[in-house]
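I opened this notebook to record what I looked up, beginning with the ligand and then turning to a pair of helices.

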Amino acid sequence: MKKHVISTSRAQTIDLAKHLAGYLFDGCVITLSGDLGAGKTTFTQGLGQGLGISKLISSPTFTIMKQYHGSLDLIHIDAYRLEGLHQDLGLDELIGTEGVCVIEWPEQIPDLIPAEHLAITITRLSEDKRDLKLEAHGARYDALLEFIS
Ligand SMILES: Nc1ncnc2c1ncn2[C@@H]1O[C@H](COP(=O)(O)OP(=O)(O)O)[C@@H](O)[C@H]1O
Ligand SMILES: [Mg+2]
């Protein structure tokens with residue numbers, strides 16, 4: 001299943017992610033694709049709000065991975081600088097095993113993305129307008145999209 005949502009502001013993207021967070025399950029995996037400045041980290045911040053995480057979620061580009069404690073833990077991975085370097089980081093043992101795992105730049109680590117996941121692609125249409133394409137891979141993710149309008 002696939003859905004498109006148009007967001008016309010940062011706040012709307014945050015609200016969409018916050019809403020989605022209410023339906024996520026332990027061990028789920030969400031990938032976020034899109035150019036720099038598309039809104040991947042913004043979306044992750046919305047997920048964090050929905051999971052009751054009060055700490056500011058910043059871009060983990062230089063740290064690769066950050067973990068936050070919430071109603072479900074949020075594991076935020078930014079694979080931007082990871083091409084070919086992930087072998088020793090143990091990410092494979094982390095992704096999809098616990099909490100909500102959000103991966104920016106999944107294209108850099110294709111072999112670490114489980115077959116079942118929610119793939120979100122954000123495209124910048126103008127200064128404040130974004131197209132969010134949500135593609136479910138697997139039945140549990142199809143079910144998630146039922147809650148998105
Ligand atoms: N509709 C929108 N949705 C998300 N972000 C938006 C939107 N409109 C403007 N923005 C701005 O775009 C930027 C997105 O940055 P960020 O989330 O860090 O992108 P990425 O992680 O994809 O590089 C932020 O400055 C945000 O305020
Ligand atoms: Mg980012």
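I began with ligand 1 and found one of its oxygen atoms 2.6 Å from an N or O atom in the side chain of Thr 42, where a polar contact is a pair of N or O atoms within 3.5 Å. I noted that the model is predicted, with local features needing pLDDT of at least 70, side-chain atom pairs counting only at pLDDT 80 or more, and totals for chains, interfaces and linings using all residues. Residues are numbered from 1 along each chain as its sequence is written, chains are lettered from A and ligands numbered from 1 in the order written, and side-chain values use heavy atoms, without hydrogens and water.

I then found a nitrogen atom of ligand 1 at 3.0 Å from a polar backbone atom of Ser 9, and a polar side-chain atom of Glu 104 at 3.3 Å from an oxygen atom of the ligand.

Next I looked up helix α1 (residues 10-21) and helix α2 (residues 40-50), whose axes come within 7 Å and cross at roughly 45°; helices are DSSP runs of H or I with at least four residues, numbered from the N terminus, and axes are lines fitted to C-alpha atoms over the stretch in contact, with angles from 0 to 180 degrees between N-to-C directions.

Conventions:
Helix = DSSP H or I, 4+ residues; strand = E, 2+ residues; numbered from the N terminus. Polar contact = N/O pair within 3.5 Å; in protein donor to acceptor, adjacent residues only side chain to side chain.
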